[in-house]
Amino acid sequence: MTEINKLNTQNLNAVKQVKMNLPVAELVEEALKNNEGVLADTGAFMCDTGKFTGRSPQDRFLVKDDATANVWWGNINIPFEGAKFKSLHAKVWDYINENDKKLYVRDMYAGADVNHRLKVRVITTLASVNHFVSNMFIQPSAEELVGFEPDWVVVQVPEFEADPEVDGTRQGNFAIADFTEQCIIIGGTRYTGEIKKGIFSVLNALLPERDVLPMHCSANEGKDGDAAVFFGLSGTGKTTLSADPNRLLIGDDEHGWTESGIFNFEGGCYAKTIDLSQKKEPEIWDAIKFGATLENTRFFEGTRTVDYENVSVTQNTRTSYPLEHIENVKIPSVSTHPKNIFFLTCDAYGILPPISKLTKAQAMYHFMSGYTAQVAGTEVGITEPKPVFSACFGAPFMPLHPSKYAEMLGQKMEQFDTNIWLINTGWAAGPYGKCDRMKLRYTRAMITAALEGKLANVEFTEDSIFGVQIPNEVEGVPSEVLRPKAQWEANGIEGYEEAAKNLAEKFVANFKKFEEGTSADILAGAPKAL
C-alpha cells in the first residue's frame, strides 16, 4: 500500500463515526435518516446529485509524474502537480475531521476476472453514494473482506470545495487521480459517475501493460457461449441492441479483453432513464426495485411513482442497480473471445451502409474515430446534423494515446479471428430530414445474421468512398436497403457522391490530431476516394 493510502487508513481510523461495508438495507436506512433522498413506490431509493447532474470533464485531472509517462496529455487528460495533489488530499481530510463527518466505506472489486481485478476502497460522506458503489462494483465474499488491502482508494467528499487559486484546480469541484499514490480524490460534486469513470480510467491506463484491452462497450453471450461486443456513443442503440432475449447480458458499459476472453469491469448497470417505459426497455424497468437507486428523477404529483418523462432537473436522469436485478444476465460476468464486434453509429448524413464488414486497418481506423452524428433538436443550437467523434468510443476515459488501444484491437482481432462490423442505425436512404431512420427490425436482422454466421458465404461489394465491404444480401432485409447510394436515387434525392466525400473529409480532418504516433497500418484504414 502506498504512503498516501496508509495515510488514508490512519485518517480513517481516527474518525469517530465509520460505517464499514454495510448491507444495502442498512445503507438505505442510513440515507433516509440523513435526508439524502426518499423511496419510490417500487422500493428504489431516489436522490438528487445537486449542482452537477453529470461528469465535469474539464475538472478531471491526472497527476503528471513518472507513473503517467505514457499518458496522452491534452484537453481530455489534464495534468496536475503531485505536490498540489498531496496538499489538497490533506485539506480534504482536515475538512472531514474538523466537521466531525460520518464516513461510509466500501471495499469492492473492479473486474470480474480474478486475474485482472482491482481492489478498490471508496470512502464517502454519503450513505447513498456508498449504496451506488455497492451496486456498481463487485462484492467480495466475507472471507475476502478479512484483511482486505485496497490497490486504490477513492475519497469523495461532495461538501468540500477547492480554492482554485491555492489548490490548482479550475474551480471548486474536482476529480484527481494520482497513479503514484494510487488514490483518487473527488470534491465539490456528488455526481456518482465521477467515481465509476475514475476507476475505469485507472483500469484503462493499467490493463494494456498486462496485454488486456480495456473497452467502453456492452457485451452479451449466445446459447453456444459465443460472445459479442457492441461499441457505440449515446443514441446509437448500444443498450437496445445488446439487450437480446436470446442472449445473456455480460455487461453494458466497460469490459476487458484478455488472452482468455472478455470480462465485465462492473457488478451493476448505470442506465439512463429518460423516457423509460416498460414496453421499450422491460429489463431496466423491472430492475428498478428495492436495491436500485434513482438520480434526479421526479414523481408524478401527489404520488411516489416516477415520471420518467420529467426532465425538469436534467435529461441525464439515471438508475443504478446490481446485475442480479436483470433476469437474463451471466454471473460471473466473463465470457470467451468475441466472434463478432459491432461498431454502432447513427449517421445522420445518410452515407454509411446499414451493415458493412471492416478489414483490420479499417477496424483500427474507425475505432480511433468513434463516429456518430447528432441531429437537429438534440442540443440547443443544432439545426442540422453535427458529426461527433470520440476516440475508442470513450475518449474521456482513455488516458493513453488512442492508437495504443487501436493496435491492441487489431492484434486481438487477428489473433482470435474476430469479425468487426460497422452498423449504421441512423439514416441510409437519404440524409436526416429527407427520409426515415433505419428500421430497428432491419438492424436486428443484420446483427442476427452476423451473429449466426449467415454472412460468411454471401458476396460483398466494396464501398467506393470508405472501402468497407457491403454484403449483397442479408436474410430478412430487402437488398436495396443495404446500399445508401441506390436508396438515395430511388427516393429521388441528389448529391450522394458530394455528401459522401464531405463525410469522408470530416473523418480525415478529425484524424489529423492522431497522426503523430499513429502507425501506417492504421492510417491505411482511412476513406479511399477523396
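**Exercise 1. Find which residues Asp253 touches, leaving out those up to four places away in sequence.**

Start with the list: Asp253 touches Lys196, Lys197, Phe200, Met215, His216, Cys217, Ser218, Lys238 and Glu266. Here, a contact means heavy atoms within 4.5 Å. Before going on, note that this is a predicted model, where local features need pLDDT of at least 70 and side-chain atom pairs count only at pLDDT 80 or more, while totals for chains, interfaces and linings use all residues. Residues are numbered from 1 along each chain as its sequence is written, and side-chain values use heavy atoms, with hydrogens and water left out.

Next, pick out Lys196: its side chain makes a polar contact with the side chain of Asp253, at 2.8 Å. (A polar contact is a pair of N or O atoms within 3.5 Å; within protein, one must be able to donate a hydrogen and the other to accept it, and residues adjacent in sequence count only if both atoms are side-chain atoms.)

Now place Asp253 in the chain: look in the loop between strand E14 (248-251) and strand E15 (254-257). Strands (E, at least two residues) and helices (H or I, at least four) are DSSP runs, numbered from the N terminus.

**Exercise 2. Work out whether Asp253 and Lys197 are buried or exposed.**

Grab the cut-offs: buried is under 20% relative accessible area, exposed is over 50%, and partly exposed is in between (1.4 Å probe, protein chains only). Asp253 has 9% relative accessibility, so it counts as buried. Lys197 has a relative accessible area of 10%, so this residue is buried too.

Then see where Lys197 sits: it belongs to helix H7 (residues 193-206). Its contacts, again skipping residues up to four places away in sequence, are Arg55, His216, Asp253, Glu254 and Phe397.

**Exercise 3. Find which residues the UniProt "binding site" annotation with Asp253 covers, and how they are spread.**

The unreviewed UniProt entry gives Lys197, His216 and Asp253. UniProt positions use the numbering used here, feature names are shortened, and annotations may be inferred rather than shown by experiment. These residues spread over 57 residues of sequence, yet they cluster in space, with a largest C-alpha distance of 10.5 Å.

**Exercise 4. Find where Arg318 lies and whether it is buried or exposed.**

First, the record: UniProt lists Arg318 in another "binding site" annotation (unreviewed entry), along with Arg55, Tyr191 and Lys197. Next, the place: Arg318 is in strand E21 (residues 318-322). At 15% relative accessibility, Arg318 is buried. Finally, Tyr191 is one of the residues that Arg318 touches.
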